[in-house]
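Could you walk me through how this chain is put together? I would like a short tour that I can follow with the structure open beside me.

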Amino acid sequence: LDPAGVELLMIVDESRMTTWAVPPSQPACDVVLVERDRHLKCRQRGPPLTVLTAEPLRRGVHYFQFVMHHTSDEQWCGLVQDSSQAGTAVPGRRLRAWAYYTGRVWRPGVSPVDGHGALHAEGKAVAKFQTLAPEGDVIGMLADMGAGAIAFDLNGVLQGACPIPRGAPLWVFSTLSGTLRDHLELRKPSVNEAPSESLAALGGPLLDPASGHSLSFHPFGGHAWPGSGDDENSDDDDDVDGDPSDSGEDE
C-alpha cells in the first residue's frame with residue numbers, strides 16, 4: 001500500500017470512564033440504582049456510600065460533569081486514588097481523594113470542613129467553593145493527567161484548581177449521603193466544552209492541599225474553620241438526613 005494514500009482513524013472507547021460500577025457482591029448494590037450506566041439513585045436508606053466508575057483515568061485530558069438532580073444533604077464528587085475505598089467503609093472526609101464537597105445543601109454553614117462547599121483534597125479542606133443548591137446544579141471537573149492538575153467549576157464558573165498525582169490511575173467517584181432522594185448523573189462532554197477559565201487554571205498557580213485544614217479536626221465534637229468562629233456545624237459524618245422533603249417512603 002502507498003502510505004501517502006492511507007488514512008487511519010483511531011476510535012477510543014471511553015464509555016467505561018463514565019459507567020458507574022457497583023459489583024453485585026458489594027453491599028452497595030442494595031442502596032444504589034444505576035440507570036443507563038450514568039445515573040445513580042439511592043434505592044433505600046443507608047450509610048454514606050462511595051461509588052466509582054468502571055475504568056480509571058490513566059492519561060490525557062478529560063472533562064466531566066456531575067449533574068446533581070437532587071442532593072439530600074452533602075456529597076463529594078471528584079477523583080479517588082484507591083479503588084478499595086468504594087462502598088461504605090470509608091467516610092467522605094477520610095477518602096484519599098480530590099473532590100468538590102457540596103456542603104450541606106439544606107443547612108449550609110460557614111465551615112468548609114462541614115457545611116460550606118469546598119475543595120477537599122488529601123484529607124484537607126483547602127478552599128471554599130460555592131455551596132450547591134438542593135437541585136439542578138452541575139459540577140464540572142477538568143483533569144489533566146499529564147500535567148497532574150484538576151480544576152472544578154460550578155455551572156461553568158471556575159471554583160479552583162489543585163495538583164493531582166501523575167502516573168497513577170484515578171477513578172471518578174461520588175459519595176452519596178444515603179437517603180432515598182439522592183440522584184446524580186455523570187456526563188463526559190468534549191474538553192472543548194470545558195470553561196476557558198478552567199483550562200487556564202490548569203497551567204496557573206494551583207491551590208496547595210498541604211495548606212488546608214484537616215478534615216479530621218473535631219473541636220468540641222464538631223468541625224470548625226480557623227478564624228470563622230463557627231463550631232455550630234457539629235453534625236457527625238453519619239448524620240445524613242438533611243432533606244426535609246425526604247419522608248422515608250420510596251417514590
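This is a predicted model: local features need pLDDT of at least 70, side-chain atom pairs count only at pLDDT 80 or more; totals for chains, interfaces and linings use all residues.

Residues are numbered from 1 along each chain as its sequence is written, and side-chain values use heavy atoms, leaving out hydrogens and water.

**The chain as a whole**

Of its 251 residues, 51% count as buried, meaning under 20% relative accessible area, with exposed over 50% and partly exposed in between (1.4 Å probe, protein chains only). Take the contacts (heavy atoms within 4.5 Å) between residues at least 6 apart in sequence: 68% of them join residues at least 24 apart.

**The seven-stranded sheet**

Seven strands make an open sheet with antiparallel pairing, in the order E2-E3-E14-E5-E10-E11-E12. Here two strands pair if DSSP finds at least two bridges between them. At the edges are strand E2 (32–35) and strand E12 (157–163), each pairing on one side only. Neighbouring strands of this sheet are turned by 20° against each other on average, direction ignored; the axes behind this angle are lines fitted to C-alpha atoms, for helices over the stretch in contact, and angles run from 0 to 180 degrees between N-to-C directions.

Four of its five residues are buried, so E14 is largely enclosed by the rest of the structure. It pairs in the antiparallel sense with strand E3 (residues 39–42) over three bridges, and with strand E5 (residues 61–70) over five bridges, also antiparallel. These are some of the residue pairs to look for:

| Residue | Partner in E14 |
|---|---|
| Lys41 | His183 |
| Gln65 | Arg187 |

**The eight-stranded sheet**

Another open sheet has eight strands in the order E1-E4-E13-E6-E7-E8-E9-E15, with antiparallel pairing. Strand E1 (20–21) and strand E15 (213–214) stand at its edges with a single partner strand each, so one side of each is left without a neighbour in the sheet. Further in, strand E7 (residues 97–101) and strand E8 (residues 118–121) run antiparallel and are joined by four bridges. Within this pairing, Trp98 stands opposite Ala121 in E8.

**Nonpolar cores**

A nonpolar core is a set of buried Ala, Val, Leu, Ile, Met, Phe, Trp, Tyr and Cys residues joined through side-chain atoms within 4.5 Å. The largest one has 37 residues, and Phe66, Leu79 and Ile139 have the most contacts inside it. Another core, of ten residues, lies apart from it; among them are Leu52, Trp76, Leu95 and Ala99. Not counting residues up to four places away in sequence, Leu79 touches residues including Leu57, Trp98, Met141, Ile164 and Phe173.

**A buried glutamate**

Where does Glu74 lie? Glu74 is in the loop between E5 and strand E6 (76–80). It counts as buried because its relative accessibility is 3%. The Glu74 side chain makes a polar contact of 2.8 Å with the side chain of Arg93 and one of 2.6 Å with that of Tyr101. A polar contact is a pair of N or O atoms within 3.5 Å; within protein, one must be able to donate a hydrogen and the other to accept it, and residues adjacent in sequence count only if both atoms are side-chain atoms.

How values were computed
Helices (H or I, at least four residues) and strands (E, at least two) are DSSP runs, numbered from the N terminus.
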